[in-house]
Amino acid sequence: MTLAEMLDKLERGKIGHAAAMKWLGTDSINDLVATVHANGRQMPGHRATAISTETRDILRLATRRVGLSSAN
Amino acid sequence: MTRRTVDVAVIIPDASPVLTLARIDRLDLFETFSVPIEIVDQVHDEITRSANDPGGKVSAWLLRMGDRISIIETNVGVGFQTRRSRDPTTPSGNLGEIAVDEYATHLALTAPPTFVPLVLFEDPDVLETRIARLPRVHLLNTAAWIRALADEGVIPDGQDVLDRINAQRKSPMLPLERPGKTKRVQSTWMRKARHDIG
């Protein structure tokens with residue numbers, strides 16, 4: 001199992017923290033979380049760091065809903 | 001109740017947000033902004049340079065956006081163009097950052113108290129520049145912007161966009177934001193500003 005496969009299984013809840021830590025050879029949950037985040041993934045059941053209310057407020061002021069083309 | 005409006009403008013002080021979205025063909029995300037987008041001339045020069053825009057996507061996008069994007073003329077940018085007309089090999093160095101500093105100085109001196117700069121960046125050095133110290137400034141990087149757009153339901157595919165961005169990078173782009181500092185001002189003008197929408 002590669003690191004990417006292990007992280008994918010962890011993120012989808014197919015394996016638990018203990019199995020992931022064993023695979024990484026660490027007994028530190030902090031190391032596990034750091035590895036997960038460094039690879040652009042989230043711990044299972046966690047949400048990414050929330051965007052602040054202030055930023056969401058200002059974006060609400062500065063944003064409109066449009067039909068995006070996504071072809072450019 | 002006293003009503004007060006705020007003038008929000010998006011300022012893009014480095015080339016990366018535009019080039020990042022150009023690489024994944026999602027420059028259309030800028031169309032979600034209902035406020036002016038401002039880019040200084042020197043950064044405009046960087047994003048349209050053939051080395052950075054080989055397929056002409058950025059130039060086509062600028063044409064499409066029309067006057068929704070303002071190219072801000074600076075003495076730095078005009079000076080660079082003059083020198084380059086004499087010697088095409090003139091390096092641009094870090095003139096983009098200096099041009100943004102010039103514009104930030106202008107804003108600091110002339111912008112009304114209702115002006116709220118929303119700075120969209122990727123280069124962490126921006127956090128150390130004058131534009132990051134403007135009153136009421138909100139700073140956010142491309143990842144934080146996309147996540148906020150998704151959180152607000154403006155775009156349905158925020159995670160897909162982030163995955164595509166990260167697929168092109170050595171390390172993932174983590175959301176980074178620095179909201180305006182003054183809570184009191186925020187809670188006052190934000191609430192009042194909402195009454196003025198629509």
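This tour moves through a predicted model, one selection at a time.

**Chain B as a whole**

Begin by selecting chain B and colouring it by secondary structure, which comes to eight helices and six strands. Followed from the N terminus, the elements run β-α-β-α-α-β-α-α-β-β-α-α-β-α. Chain B has 198 residues, of which 39% are buried. Among its contacts with a separation of 6 or more, 74% join residues 24 or more positions apart.

**The sheet**

Next, select the strands of chain B. They form an open sheet of six strands in the order S3-S2-S1-S4-S5-S6, with mixed pairing. Strand S3 (69-72) and strand S6 (177-178) of chain B stand at the edges; each has a single partner strand, so one side of each lacks a neighbour in the sheet.

Turn to strand S1 (residues 7-11) and strand S2 (residues 37-40) of chain B, which run parallel and are joined by two bridges. To see this pairing at residue level, select B:Val10 together with its bridge partner in S2(B), B:Ile37.

Continue to S4(B) and S5(B), a parallel pair with four bridges. Here B:Phe121 has B:Asn141 of S5(B) as its bridge partner.

Remain on strand S5 (residues 138-141) of chain B and display its side chains. In a regular strand the side chains alternate between the two faces of the sheet. Both faces of S5(B) are covered: B:His138 and B:Leu140 are buried on one side, and B:Leu139 and B:Asn141 are buried on the other.

**An enclosed helix**

Now select helix H1 (residues 16-23) of chain B. Six of its eight residues are buried, so this helix is largely enclosed by the rest of the structure. The buried residues are B:Ser16, B:Pro17, B:Val18, B:Thr20, B:Leu21 and B:Ala22. Their cover includes helix H2 (41-48), helix H3 (57-65), strand S4 (115-121), helix H6 (142-151) and helix H7 (158-167) of chain B. After H1(B) comes B:Asp25, with a positive phi near 60°.

**A helix pair**

Select helix H4 (residues 75-86) and helix H5 (residues 95-110) of chain B, which pack at an angle of about 140° with their axes 8 Å apart. This angle makes H4(B) oblique to H5(B). The contact is made by B:Asn75, B:Val76, B:Gly77 and B:Phe80 of H4(B) with B:Leu95, B:Ile98, B:Ala99 and B:Glu102 of H5(B). These contact residues divide into five nonpolar, two polar and one charged.

Within H5(B), centre the view on B:Gly96. This glycine counts as buried because it has 26 C-beta neighbours inside 10 Å. Residues that B:Gly96 touches include B:Asp14, B:Ala15, B:Gln42, B:Val43 and B:Glu46. The C-alpha atoms of B:Gly96 and B:Pro13 are 7.7 Å apart, although 83 residues separate the two along the chain.

**The nonpolar cores**

Finally, select B:Val43, B:Leu118, B:Val119, B:Leu120 and B:Ile131. Of the 53 residues in the largest nonpolar core, these touch the most other members. A second, separate core of five residues includes A:Leu7, A:Leu10, A:Ala20 and A:Leu32.

Conventions. Residues numbered from 1 in each chain as written. Chains lettered and ligands numbered in written order. Predicted model: local features only at pLDDT ≥ 70, side-chain atom pairs only at ≥ 80, totals over all residues. Pairing = 2+ DSSP bridges. Axes fitted to C-alpha atoms, helices over the stretch in contact; angles between N-to-C directions. Parallel < 35°, antiparallel > 145°, perpendicular 65-115°, else oblique. Contact = placed C-beta atoms within 7 Å. Nonpolar A, V, L, I, M, F, W, Y, C, P; charged D, E, K, R; others polar. Core = buried A, V, L, I, M, F, W, Y, C linked by C-beta atoms within 7 Å. Buried ≥ 20, exposed ≤ 12 C-beta atoms within 10 Å, placed from the backbone. Lists of a residue's contacts leave out its neighbours within four places in sequence.
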